[in-house]
Amino acid sequence: MVEPWRNQTFGGRIKLVIFSLLPALVLLGCAELLATLTIDRRTSRVTDPATGRVSYTMQIGRLPWGRTSVTPLNALGFPDEEFSSLDKGPCVHVVVAGDSFVFGDGVDRDSSFVSLVKRWARARPGRCVRILNVAERGTTIDQQARRIRETFDVLRPDVVILGQYQNDLTDLTNPGAIADTAPARDVGARARDPIRDRLAAFNANLVRLLSYHAFAFMIRRGIEYDVLARWSVLADSSRSEEATRLKVIYESQYEELVKDLTARGVAFGVIILPSKFDILAKRFPEEQFFLSLANRYAAPYLRVFPVVDANRSPYPFLMYDGHLNEIGNRLVATALYRW
């Protein structure tokens, strides 16, 4: 029989508290392990030993219900069929460039919005329209323009569509990008979050897993929550000088690309893609900058923000990643095909 609390010695009370907490601690440890395995994300390139064909894979989750996407790459490293066998003939060639959103991160190649539009265009009777994907993960406008120029003689595009995403400005400072020698970015936005910085528990995978689901719940229900100051260089007032510098660099690359394509007789347009945090906040600071460029250089544009904002449920993003899931890719593909 357990002695009543009032009859327990101090040491006995401590032991009783500890033993009463053990089940909760074990349960919390199991939950943290489950979260760690569930949100684990790994990317790799796999070569088929028989054919030498390279595929890019992304694995999210290490449990039996985890998911793995496979994107076969062509000989030039793009998420498309081989370009070398193309015979243009009377066909209209539409080249789509961009970063991981256009590449199709997180879904199989056949499920990306570019591949869907490609398939629908092939089925359209009476006219040959080829959609060609030269997107590259982790890039922004300088590398994307380079890929367009490198493949120009092979693909002979009639139209070039550039995918623009929220992080295209800050990605100018990535290693290998045009502004990679710039000073380190200000971390003031992170410093304004003292709880997460000082308490390691707030960086636990369990907390992150719950945050992912909370954000998804709010997006589906249309609940606004603005965390863009941590994610957008244009929304963070402490980074205004950096934002101005990056906008100048981005516009110079944009202008150069437009002039180059115009001189070659190639039409140019853009598709502007929001992040899940733009949808969560119901505002998209980078979109206003991209729209100003499109208007200044007379480039037709497709805004995807209204499409995703109007179709929040089923959830259009991957749960444990920022990219579009199959539902989101189909939404974007439908809008792009109609456009």
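1. Arg312 touches Met218, Ile219, Arg220, Gly222, Ile279 and Lys282, residues up to four places away in sequence being left out of the count. The model under review is a predicted one. Arg312 belongs to the loop between α12 (305-309) and α13. Is Arg312 buried or exposed? The relative accessibility of Arg312 is 8%, and a residue is classed as buried when the value is under 20%, so Arg312 counts as buried.

2. Two backbone oxygens are reached by the side chain of Arg312. One is that of Ile219, at 2.9 Å; another is that of Ile279, at 2.8 Å.

3. Ser313 and Pro314 are joined by a cis peptide bond, with omega about 5°. As background, most peptide bonds are trans.

4. Lys282 is not a glycine, yet its phi is positive, at about 60°. Most residues other than glycine have a negative phi. With a relative accessible area of 34%, Lys282 is partly exposed.

5. Pro306 has its place in helix α12. What separation is computed between the C-alpha atoms of Pro306 and Lys282? The two residues are 24 residues apart along the chain, and their C-alpha atoms are separated by 9.7 Å. Pro306 is partly exposed, its relative accessible area being 34%.

6. His93 lies in strand β4. Its relative accessibility is 0%, and therefore His93 counts as buried. The side chain of His93 reaches the backbone oxygen of Leu155 at 2.5 Å. Leaving out residues up to four places away in sequence, His93 touches Leu86, Lys88, Arg130, Leu132, Leu155, Arg156, Pro157, Asp158 and Val159.

7. Arg156, one of the residues touched by His93, is located in the loop between α5 (152-155) and β6. Arg156 has a positive phi of about 45° although it is not a glycine. Is Arg156 buried or partly exposed? Its relative accessible area is 37%, so Arg156 is partly exposed.

8. Asp87 lies in the loop between β3 (67-72) and β4. Asp87 is exposed, with a relative accessible area of 60%. The C-alpha atoms of Asp87 and Val154 are separated by 9.6 Å, while the two residues are 67 residues apart along the chain.

9. Which residues of α3 are buried? They are Phe113, Val114, Ser115, Leu116, Val117, Lys118 and Ala121. The buried residues of this helix pack against β4, α2 (100-103), β5, β7 and α13.

10. The second largest pocket holds about 550 Å³ of space. Its lining consists of 26 residues, and those nearest the centre of the pocket are Val94, Val159, Ile161, Leu336 and Trp339. Two or more lining residues come from each of β4 (92-97), α3 (113-123), β5 (129-133), β6 (159-165), α9 (240-263), β7 (267-273) and α13 (326-338). By class, the lining has 22 nonpolar residues, two polar and two charged. Val159, named here among the residues nearest the centre, is also touched by His93.

11. For the protein chain as a whole, there are 13 helices and eight strands. Of its 339 residues, 46% are buried. Among contacts with a separation of 6 or more, 71% are between residues 24 or more positions apart. The chain exposes about 17500 Å², of which carbon and sulfur atoms supply 57%.

Methods:
Residues numbered from 1 in each chain as written. Predicted model: local features only at pLDDT ≥ 70, side-chain atom pairs only at ≥ 80, totals over all residues. Heavy atoms only, no water. 1 Å grid on protein atoms, 1.4 Å probe; cavity = no way out; pocket = protein on both sides within 12 Å on 5 of 7 lines; lining within 4 Å. Points joined across faces, edges and corners; volume = space filled by probe spheres on them. Helix = DSSP H or I, 4+ residues; strand = E, 2+ residues; numbered from the N terminus. Nonpolar A, V, L, I, M, F, W, Y, C, P; charged D, E, K, R; others polar. Buried < 20%, exposed > 50% of the residue type's maximum accessible area, 1.4 Å probe, protein only. Contact = heavy atoms within 4.5 Å. Areas by Shrake-Rupley, 256 points an atom, 1.4 Å probe, with all protein chains shown as cover. Polar contact = N/O pair within 3.5 Å; in protein donor to acceptor, adjacent residues only side chain to side chain.
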